[in-house]
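Please look at the sequence and the model below before reading on.

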Amino acid sequence: MESIEKIKQLIQPVLEQNEIELYEAKWLNEKKSKILQIAIMKKNGSMDLDTCALMSEKISEILDDVITMQYLLEVCSPGAEREIKDLNELANLIDKHVFVRLNHSVNKKNEFTGDIVRADEVITLSYRDKAVLKKIDFKKEEIEFIRLAVKI
């Protein structure tokens, strides 16, 4: 099985040519099948089926000569509620709806769902507590987990 790091190096040029970012690459075992799952997104964080299909063809052309074992390639979007792994990305997510878990409590709560209002040295999140609109400020170091959230 080829290492994920080698796979990333091989596919990075074709992703960059198409202005696509690699979100995650990983091997999955499903029953007797080996699946190489590659999650990608456009620079603006979106993704569509046609782009996934196109990138699947291009990535397959590169990897089929390198990976000698039988495997399935799955090129997909990281999803509407993807984890934000690179906290520097927060600056590009102003007005986006997120779920955040802090590594400490604020007013007996450490989980908040709301909109990012500011994201530089301090992150400001606007959220509802019952019917009241509130704001909370925190630093990147205080984030235990953060992901995009679908607003209902």
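Leaving aside neighbours within four places in sequence, Leu125 is in contact (heavy atoms within 4.5 Å) with Val98, Val100, Phe112, Gly114, Asp115, Ile116, Lys134, Lys135, Ile136 and Phe138. Leu125 lies in strand E6 (residues 123–129), where strands (E, at least two residues) and helices (H or I, at least four) are DSSP runs numbered from the N terminus. With a relative accessible area of 0%, Leu125 is buried, a term that means under 20% with a 1.4 Å probe and protein chains only. Phe138 is 13 residues from Leu125 in sequence, and their C-alpha atoms are 8.4 Å apart in space.

This is a predicted model, in which local features need pLDDT of at least 70 and side-chain atom pairs count only at pLDDT 80 or more, while totals for chains, interfaces and linings use all residues. Residues are numbered from 1 along each chain as its sequence is written, and side-chain values use heavy atoms, with hydrogens and water left out.

Elsewhere, three strands form an open sheet in the order E1-E2-E3 with mixed pairing, two strands being paired if DSSP finds at least two bridges between them. Its edge strands, each pairing on one side only, are E1 (20–30) and E3 (72–76). E1 and E2 (residues 33–42) run antiparallel and are joined by 10 bridges, with Glu24 opposite Ala39 in E2.

| Helix | Strands touched | Angle |
|---|---|---|
| H1 (residues 4–17) | E1 and E2 | about 145 degrees with E1 |
| H2 (residues 49–63) | E1, E2 and E3 | about 145 degrees with E3 |

Methods
Axes fitted to C-alpha atoms, helices over the stretch in contact; angles between N-to-C directions. Buried < 20%, exposed > 50% of the residue type's maximum accessible area, 1.4 Å probe, protein only.
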